[in-house]
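Dear colleague,

I am passing on the structure we spoke about, together with some notes on what turned up in it. Please read the notes with the model open beside you.

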Amino acid sequence: STLAYSNHHFPITRDNKEAVALGQKLYNQNCASCHQANLAGQKDWKTKLDSDGQRLAPPLNGTGHTWHHPDAMLHEVIKYGYANIIKNYKGKMMGFADVLNDKDIDHILTYVKSFWDDDVYQHQINISK
């Protein structure tokens, strides 16, 4: 599906320091409880499931697979949740559309990208154009 809202543009870069700072605040309020304050994700996220049989939160710091996805998909995952995008998804990533607006989501992605190595960041920027 395509995202359409005013003043939106992909790729989302990490160049705006103010956006990074806003993203950090929003990340800490909405994402850190699962993905950890340092973006490292949950221990053994690749191999273990939680007590409900659901996938664990992956790292967002560039060591997981977040950067394999273009911005449009990452934005939709945060907004709508994996469970609403992928049929039979096993995981607890629910959408934040009722809490975060589109700009908030973009600020979070700006912050997340500030953790990525340059080569990972550049690859993800290229697939998001």
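Does tyrosine 89 count as buried, partly exposed or exposed, and at what relative accessibility? Tyrosine 89 has 23% relative accessibility and therefore counts as partly exposed, where buried means under 20% relative accessible area, exposed over 50% and partly exposed in between, with a 1.4 Å probe and protein chains only.

Before going further, please keep in mind that this is a predicted model, in which local features need pLDDT of at least 70 and side-chain atom pairs count only at pLDDT 80 or more, while totals for chains, interfaces and linings use all residues. Residues are numbered from 1 along each chain as its sequence is written, and side-chain values use heavy atoms, with hydrogens and water left out.

The structure holds 3 aromatic pairs (rings of Phe, Tyr and Trp, the last by its six-membered ring, with centres within 6.5 Å; planes under 30 degrees apart count as stacked, over 60 as edge-to-face and the rest as tilted). Tyrosine 89 is stacked with tyrosine 82, at 4.8 Å centre to centre and 25° between the planes, and tyrosine 82, at 14% relative accessibility, counts as buried. The pair of tyrosine 111 and phenylalanine 115 is edge-to-face, because the planes stand at 85°, with the ring centres 5.2 Å apart. Here tyrosine 111 is buried, with a relative accessible area of 5%, whereas phenylalanine 115 is partly exposed at 33%. Ring pairs join Tyr27, Tyr111 and Phe115 into a cluster.

Tyr27 is also among the residues with the most contacts inside the largest nonpolar core, which has 25 residues (buried Ala, Val, Leu, Ile, Met, Phe, Trp, Tyr and Cys joined through side-chain atoms within 4.5 Å). Helices H1 (17-30), H3 (71-80), H5 (102-113) and H6 (118-128) each give two or more residues to this core (helices are DSSP runs of H or I, at least four residues, numbered from the N terminus), and the largest share, 5 residues, comes from H5.

The largest pocket has a volume of about 740 Å³ (on a 1 Å grid over the protein atoms alone, an open set of points for a 1.4 Å probe, with protein on both sides within 12 Å along at least five of seven lines; lining residues have an atom within 4 Å of a point). Of its 34 lining residues, those closest to the centre are His35, Ala57, Pro58, Tyr89 and Met93.

With best wishes

Terms used
Grid points are joined across faces, edges and corners, and a volume is the space filled by probe spheres set on the points.
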